[in-house]
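Hi,

Here is the structure I promised to hand over. Please have a look, and then read on for what turned up in it.

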Amino acid sequence: MTRALIALLSGTLFGAGLAYSGMSDPARVQAFLDLLGQWDPTLAFVMGGAMLPMAVAWVIRSRLSAPLAAPTFDLPGTTTLDRPLAFGAILFGMGWGIAGLCPGPALADLAIAPGDVAPFVVAMFVGMAAQRFIPFTSQKPKQAGPK
Amino acid sequence: MIPAFPNAMPVEGFIGGLLIGLAAAIMLLGLGRIAGVSGMAARATGIADSGAPRNVAIAFVVGLPLGALLIAQTVGAVNVNFPASIWPLIIGGLLVGYGTRLGSGCTSGHGVCGLSRLSPRSMVATGMFMASGFVTVGILRAGGWL
């Protein structure tokens, strides 16, 4: 229960930050990516602002043996740079540019413009589910020969 | 306001960014996890089998619209402008959903949390999705679709 409340607080602050910073506006995010148009640098200020508390948090984390309200830290430990990472990031970037939306703003917009964002959110979950069934041939780094 | 970029909101952007960073710091130090929206969303819906406990993921995901609503109620109307056609939203959504699962993260997990951790994977992922976004929008602009 405590953990769910902490997660709710984190999500709420996150959503508030997205809305306040203008990042819930697809046109503004797309304008950041639009170097040939009327460029809008706001997203860079958002990233800069978000880095500060997190930089401090990582330093504090290095001195903690466990998080404050959970038994252990459960953080990504993978360090290999592989093809799924690269292809996934490229596909994500394409979708981000086409729609001006990534997962956080899309979910936050369910409270601001539910009808407008609904097609994106539905498609996003379909895409996520599809990745489970069409997982990409990453586990075989050798080239796929004829079978 | 920046004269060269009349639409930019540097102050609101920076303050909003601080809130986002604080949110991710609470997730990290409180629950020992990355505040990655794509991972949490996949976990909350049951699309992912592993990751955060289900109740944590659901609570985090529910918080996102709640926080936006809070801003709309207290600060004022949140201005959003969507594409006129539904197709960019559907195609974009499919690519974002598939790509974030394949690439293990999005702007929050790789961007905010991973970059500040100086994670090599996140630095590569963020560089690639940013580059991909710039190229994609550049093509849309050059092609006259924007």
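Let me start with the largest pocket: 41 residues line it, and those nearest its centre are A:Pro76, B:Gly39, B:Arg101, B:Ser104 and B:Gly105. A pocket here is an open set of points on a 1 Å grid over the protein atoms alone, where a 1.4 Å probe fits, with protein on both sides within 12 Å along at least five of seven lines; lining residues have an atom within 4 Å of a point.

This is a predicted model, in which local features need pLDDT of at least 70 and side-chain atom pairs count only at pLDDT 80 or more, while totals for chains, interfaces and linings use all residues. Residues are numbered from 1 along each chain as its sequence is written, chains are lettered from A and ligands numbered from 1 in the order written, and side-chain values use heavy atoms, without hydrogens and water.

The volume of the largest pocket is about 1200 Å³ (the space filled by probe spheres set on the points, which are joined across faces, edges and corners). Its lining divides into 13 nonpolar, 19 polar and nine charged residues (Ala, Val, Leu, Ile, Met, Phe, Trp, Tyr, Cys and Pro are nonpolar, Asp, Glu, Lys and Arg charged, the others, Gly among them, polar).

The second largest pocket holds about 430 Å³ of space. Among its 20 lining residues, A:Ala27, A:Gln30, A:Ile98, B:Pro83 and B:Leu146 are the closest to its centre. By class, this lining has 11 nonpolar, four polar and five charged residues.

Happy exploring!
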